Amino acid sequence: MFNHLLSLLIWLPVVGAIPVLLAGTARPNLARWLSMLVAVLTFVASLFLLQQYNAATGGLQLTESYMWIASWGVHYGLAVDGISVALIAMTTFVGILVIAGAWEVIQDKPHQYMAAMLMLEGLLIGVFCATDALLFYALFEAILIPMFILIGIWGGPRRVYATLKFFIYTFFGSVFMLIALLYLYQKVGTFDMATLAALPLTMKEQTWIFFAFLIAFAIKVPMVPVHTWLPDAHVEAPTGGSVVLAAVMLKVGTYGMLRFILPIVPDAGAHYAWLVIVLSLIAIVYIGYVALVQEDMKKLVAYSSVAHMGFVTLGIFVAFMLVRDSGNVAMAGLAMQGAMVQMISHGFISGAMFTCIGVLYDRMHTRSIKDYGGVINVMPWFGFFYVLFAMANCGLPGTSGFVGEFMVILASFSANPWIALFAAFTLIIGAAYTLWLVKRVLWGDITNSHVAEMKEINGRETFVLASFAFAVLALGIWPQPLVHLMNSSVSQLVQQLAIHKI
Amino acid sequence: MQLSTSILLTIALAPLVGCLLAGFFSKFIGRAGSHTVTLLGVGISCVLSFHVLYQLTLGGAEAYNQNLYTWFQIGPLNASIGFLVDRLTAMMLVVVSFVSLLVHLYTIGYMAEDDGYTRFFSYISLFTFSMFMLVMSNNFVQLFFGWEAVGLVSYLLIGFWYKRPTAIFANLKAFLVNRVGDFGFLLGIAAVLYFMHTLDYATAFGSAPGLVGRTLQITAGTQWDAATVICICLFIGAMGKSAQVPLHVWLPDSMEGPTPISALIHAATMVTAGIFMVARMSPLFELSSTALSFVLVIGATTALFTGLIGIVQNDIKRVIAYSTLSQLGYMTVALGVSMYSGAVFHLMTHAFFKALLFLGAGSVIIAMHHEQDMRYMGGLRKYMPITWITMWIGSLALVAVPFTSGFYSKDAIIEAVGLSHRWGAHYAYFCVMAGALVTGLYTFRQMYLTFHGKERFTVLAHHGHDHHGHDDAHDDHGQHEPGVLAHAPKESPWVVTLPLVLLAIPSLLVGFFTVGPVLFGNWFGSAIHVDAADNVLGELGQEFHGSFAMALHGFTQLPFFLVLIAFVSCTYIYLFNPAMADKIKRAFMPLWIVLDRKYWVDNVYFAVFAQGSVKLGRLFWKVGDTAAIDDVMVNGSVKLVHRVAASVRRLQSGYLYHYAFAMILGLILLLGGYWLMGSGHMGSVLVGQ
């Protein structure tokens, strides 16, 4: 059996970026087709991964481990569990759509754009399967570089401000993670995450490490109040950059929480669960209100991303509460599963929403909501997709947006009805900001001559939106395959929550 | 005997297939193809629904309860998609599919000129599918799916004419108000899961008695009864969907949608989903008399106070919309006195006569070239006799004249409320009784203004030829002066009148034949659970001696006299003394203003919730995100670093004499310090000892 599938998944897009880059400015179409080939091959490889991974047994599988930096005991260590597999599959799926979405849109140095995208994809896959903390850290930082380039070169007018804010903000956070990792390293002499997970730590140590990790990952998610880089980055990023940022990069933050906070500092995590829960609820309610009044479509969807990611952090930490306070393992599993499903679902929905905005932007070169109105009159098929994704964004049952939020709200009620009450508020405020956006952009009579000249989506755009729509509906109608894929990994995580390390 | 899964699946999926074909392939199958496939889909469902009803009633089939597939399985927790089909479901299936079929047929005529013809058929078939999923569900997840899916279709259909600002305001409002209800509903489902560890109806109802005595801690020291929390939360969902006060505000505005969907969704079926849901949850509601009192008071308030608004409306559809609100209130009252089967019975009769009234109003609207204001109608009976007669039948059923279907369902509710001892029953009895008078007033007023009296419209002479035919009847839509018609009104085509006739028959007769078994014969069996102590219907049943006797008895009762008063006064005012209406209006001006402004509920909601939320959002954004977080925390720290760096940088000027000066200064300070601190210690530091 070929046992380097994970390496293949990481290196195929990274190495594949080189010929794309070599195609150069002179042969943009070659660059496009090459990058599409690489993205499709990576996606096919992820299908093999889905097939190879044994969901029934769970645990880490397809392990690879080589000594990387012998003097520090750093390994090139890779392995996946069900959660990683799901995230990787989502990444490769979105990868194809991002390449397709940028096809004719990026006219300036398309080869570099495509190469940066592929590089980013490979590094993100790497983050999702690293089992060595330093490798994780290196990849976690490395993904900043292609994204920095994507925003900095193909971004909007304020791209320098946005890209610096984005870079320094996340970089600032990860310094704390590095310090925490170094502290752990000097205790055990390894960065192996499984060893770190088994390491007993005092409450004082755990508290310091917990906050170091929390700062690093909270910025990435992003959680309130360290979220303000996200709207700026989204507004300035090119469409593809926004799609990857929202769909995949944000998940690196919550994924980091699962891999570091949960196993390494469970006691501090449980002790401060209330803090993360409160911040998550603020994200859901407060950010919902902020989203309501945005005048820029991208900002609105960016804020809505913050609110929806609030459900992921809420689910993870409500699981802490359920396990530690009432020993309710079944409900904790529901909360954790809800958080995981929400991660995948948000990937599709936010990716689709940003693609839709990109479609509008390509035609009108404005993101301002007031410049639109009555788009449905000229773009009925686009309208169909837009309404579908808007409904998914408001968590309509039958779409993927419902599943995760539903699970998290149900489980939260068992932890404390008040948490569920605030979380369920998303039903109202989420619908309000999303559908008000739809009303102002899509419905109504044609408001100006620019809207009147908008052209219906072409075949390529239809392909991208239809693919997102397929994913959103498939997950919404039948979430069980995804749940099953992650189930044993989730129950292992939940069991870890119960382990006291002091 | 078991019902066959494939038949049930066909019932649910046939409309979905029709929806997809009409929605995605209308280019290939055309307008006729679109209405054919959707009509066929719903037709199949309708025939099979009658078959299922027959099987369950006379064929000896048992209730069907099976899961189709696993939606998710997490540890012990299972959520499945599945069907529960008992007599309660079967009745809903028949009502939904029958009315839906007629509305599909009617739409062929009503929407003939509309550009969105195929889209409309796709939507109403999608609605039918969603409604089937809702009523056939055997668990809370699928119930919520159907619940929100019908909300989605309602949103799409209210905003069907998306160019109209009022329509796209109304659909957003409808969705959001419904979401407020769903907010409660979802918490109710969460509470069910918390207390009973299941999302499956049968398991939940089975363990419902275990809820007694359990409580939920809301705040330290406050314990709420589990069943009360669950039922009130679930009922908040019903208040949204079934438009009960104070979540009723979306329904009148939903009249912005085309008339066929006002009949189907906003009168006959979707708005009754809340009633159906509470009836389905009867084993839970029976555990909390507090929750039922809440239901009772809300329903009674809705029944009377929304009906009053109907009296002052001039838009023919809005009168019927307020009447729908009021009738939904009656159903809710029935739920509140534990008379679930009475509520569902009224749901059924109401579906027929209210769909009839709406479709009749639509027929009038076509004839009037899309004029909806009754002040420009009058005397239409001679132009459109079929519409006129069928609408009278619907109206008589609505005001509950004995022997009509509406009488049997409504009179039973009023009597049952009179017998009930539940907290709030006295208030409810007053409301439903006064409501009978109110119903009469707005109904007769509407009928007279529309069909009787003098014609208050003029017909342009040069257009008064019949050979212009149907086609340009709609051309002047929206452009004419009020009360001026391009040519004379005429009866609608058969696709419009046939549904009217087919609805008039059950409006008149279905009550007479079914009241015995459905209300007093325990027809629903185990589908509805009523605690013996609260069984007002059982008490009422002891006085029941057949439909004929019940109707005769009805002639001697107060509700009938109230209707008679309404009839006489409306007849006098609108047929013989038209000026009187204005005099009354002027005499009761303050009251008229209160009703005309709809108790200012809409204004308050708009100011507080819509504008208030936007203001709050702006405050959060400008003060919270922009000022506090971004300017102070983020850019503030950047600026701080900048300032520190800038001042430090000034030290490194590059001039040799600056550095020389600094060195001298440093030396002086050091030496000075050395001298001040005394001899030994500082010196040893300096030389590194």
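**Notebook: a predicted complex of chains A and B**

I began with the hairpin of β3(B) and β4(B), where two residues lie between the strands and G221(B) takes a positive phi near 95°. Residues are numbered from 1 along each chain as its sequence is written, while chains are lettered from A and ligands numbered from 1 in the order in which they are written.

**Entry 1: the hairpin**

I looked up the pairing and found that β3(B) and strand β4 (residues 222-225) of chain B run antiparallel, joined by four bridges. Strands pair here if DSSP finds at least two bridges between them. Across the pair, L216(B) stands opposite W224(B) of β4(B). I then asked how many of the five residues of β3(B) are buried. The number is zero, so β3(B) lies largely in the open. I used the C-beta count for burial: a residue is buried if 20 or more other C-beta atoms lie within 10 Å of its own, exposed if 12 or fewer, and partly exposed in between, with C-beta atoms placed from the backbone.

**Entry 2: helix α8(B)**

I next examined helix α8 (residues 226-241) of chain B, which has 16 residues. From first C-alpha to last it reaches 23 Å, close to the 22 Å expected at 1.5 Å a residue. The expected span is 1.5 Å times one less than the number of residues. I noted that 16 of the 16 residues of α8(B) are buried, so the helix is largely enclosed by the rest of the structure. After α8(B) comes A243(B), with a positive phi near 50°.

**Entry 3: chain B overall**

I recorded 27 helices and six strands in chain B. Its C-alpha atoms fill a box of roughly 125 × 70 × 60 Å along the principal axes. Of the 689 residues of chain B, 55% count as buried. Among contacts in chain B with a separation of 6 or more, 81% join residues 24 or more positions apart. Two residues are in contact if their C-beta atoms, placed from the backbone, lie within 7 Å.

I also checked confidence. The pLDDT, the predictor's confidence in each residue from 0 to 100, averages 90 in chain B, and 95% of the residues score at least 70. Over residues 463-478 of chain B the pLDDT is below 50, and this stretch has 18 contacts in the model beyond near neighbours in sequence. Where pLDDT is low, the predicted coordinates should not be read in detail.

**Entry 4: the interface**

The predictor gives the complex an ipTM of 0.94 and a pTM of 0.92. I found 46 residues of chain B in contact with 40 residues of chain A. On the chain B side, β1 (64-74), α5 (140-158), α6 (165-196), β3 (215-219) and α25 (601-651) each supply at least two residues. The largest share, 16 residues, comes from α6(B). By class, this side has 32 nonpolar, seven polar and seven charged residues. Ala, Val, Leu, Ile, Met, Phe, Trp, Tyr, Cys and Pro count as nonpolar, Asp, Glu, Lys and Arg as charged, and the others, Gly among them, as polar.

**Entry 5: backbone details**

In chain A I noted two cis peptide bonds: V221(A) to P222(A), with omega near -15°, and V224(A) to P225(A), with omega near 5°. P222(A) is in the loop between α9 (203-220) and α10 (229-236) of chain A, and P225(A) is also in the loop between α9 and α10.

I then looked up two non-glycine residues with positive phi. H365(A), with phi near 55°, is in the loop between α15 (329-364) and α16 (375-378) of chain A. S338(B), with phi of about 65°, is in the loop between α14 (316-336) and α15 (340-367) of chain B. Is each buried or exposed? H365(A) has 9 C-beta neighbours inside 10 Å and so counts as exposed, whereas S338(B) has 28 and counts as buried.

**Entry 6: F129(B)**

Last, I located F129(B) in helix α4 (residues 117-136) of chain B. F129(B) is buried, with 28 other C-beta atoms within 10 Å. Leaving aside residues up to four places away in sequence, F129(B) touches A12(B), P15(B), L16(B) and C19(B).

Terms used: This is a predicted model: local features need pLDDT of at least 70, side-chain atom pairs count only at pLDDT 80 or more; totals for chains, interfaces and linings use all residues.
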